[in-house]
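User: I am new to this structure and would like to go through it with you. Could you take my questions as they come?

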Amino acid sequence: LGSHNNVTDSYVVGDNGAGIAVGGSYNLIYRSTIAAGSTGVAILGSNNTIYGSNVTGEGYDGVVVRGNRTAILDSNVYGYYYGVYIYGSDNTIRGSYVYGNWSGVYITGDDNLISGSYVTAVRHDGVDVFGSNNTIYDVNVVGGWAGVYIDGSHNLIYDVNVTGEGFGGLGIAGSYNLIRNSTIVGPGSYA
């Protein structure tokens, strides 16, 4: 897709490559189901939205975002190695279920937001954050290894329930991060 396009009330199936590849800006994927092998949705631009959609498959990335200001809203991502992989800043995951993936949400960037969502990972971390000024708010996270791992500074985690089943509930490698009003459960947490 280029720019200013809508995929609405559609069913997209793909064997190899991406079910939907977005290379431009201001595109909307709305109330659609994407069932793809390698990557469900690849977003390579900025200011795009996935809303009320289901992304399912058995490939590498459920949704990969390589851009800024993209929103994943009220959507489900299931069955991939990485549920959602974000390379960029000012992106949002809100009101979504990212579950049944090897790794839940992996963020490399700054000023991203995860809120009002449920994230589980089968074998790896529920949420990995490599960057600064990211916010995780009102989220339930279950990780097969660690619930949440942060490597950066000035990140905020609040009103979050975290469970890490293999290593720990929370891991921090960075400084000036704030964890507030959260429940963290695991064999141990480390900083």
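User: What is the bridge partner of Val148 in E22?
Analyst: The bridge partner of Val148 in E22 is Leu170. Strands here are DSSP runs of at least two residues, numbered from the N terminus. The model is predicted, so local features need pLDDT of at least 70 and side-chain atom pairs pLDDT 80 or more, while totals for chains, interfaces and linings use all residues. Residues are numbered from 1 along each chain as its sequence is written, and side-chain values use heavy atoms, without hydrogens and water.

User: How many bridges pair strand E19 with E22?
Analyst: Strand E19 (residues 146-151) and E22 pair in the parallel sense over 4 bridges; pairing requires that DSSP finds at least two bridges between two strands.

User: In what order do the strands of the open sheet run?
Analyst: The order of the 8 strands is E3-E6-E9-E12-E15-E17-E19-E22, with parallel pairing. At the edges are strand E3 (18-22) and strand E22 (168-172), each pairing on one side only.

User: Changing topic, how many salt bridges does the structure hold?
Analyst: It holds 1 salt bridge, meaning a side-chain nitrogen of Lys or Arg within 4 Å of a carboxyl oxygen of Asp or Glu. The side chains of Arg31 and Asp9 form it, at 2.7 Å from N to O. Arg31 is in the loop between strand E4 (28-30) and strand E5 (33-36), and Asp9 is in the loop between strand E1 (6-8) and strand E2 (11-14), 22 residues apart.

User: What is the relative accessible area of Arg31?
Analyst: Arg31 has 44% and is partly exposed, the class between buried (under 20%) and exposed (over 50%), with a 1.4 Å probe and protein chains only. Asp9 is partly exposed at 48%.
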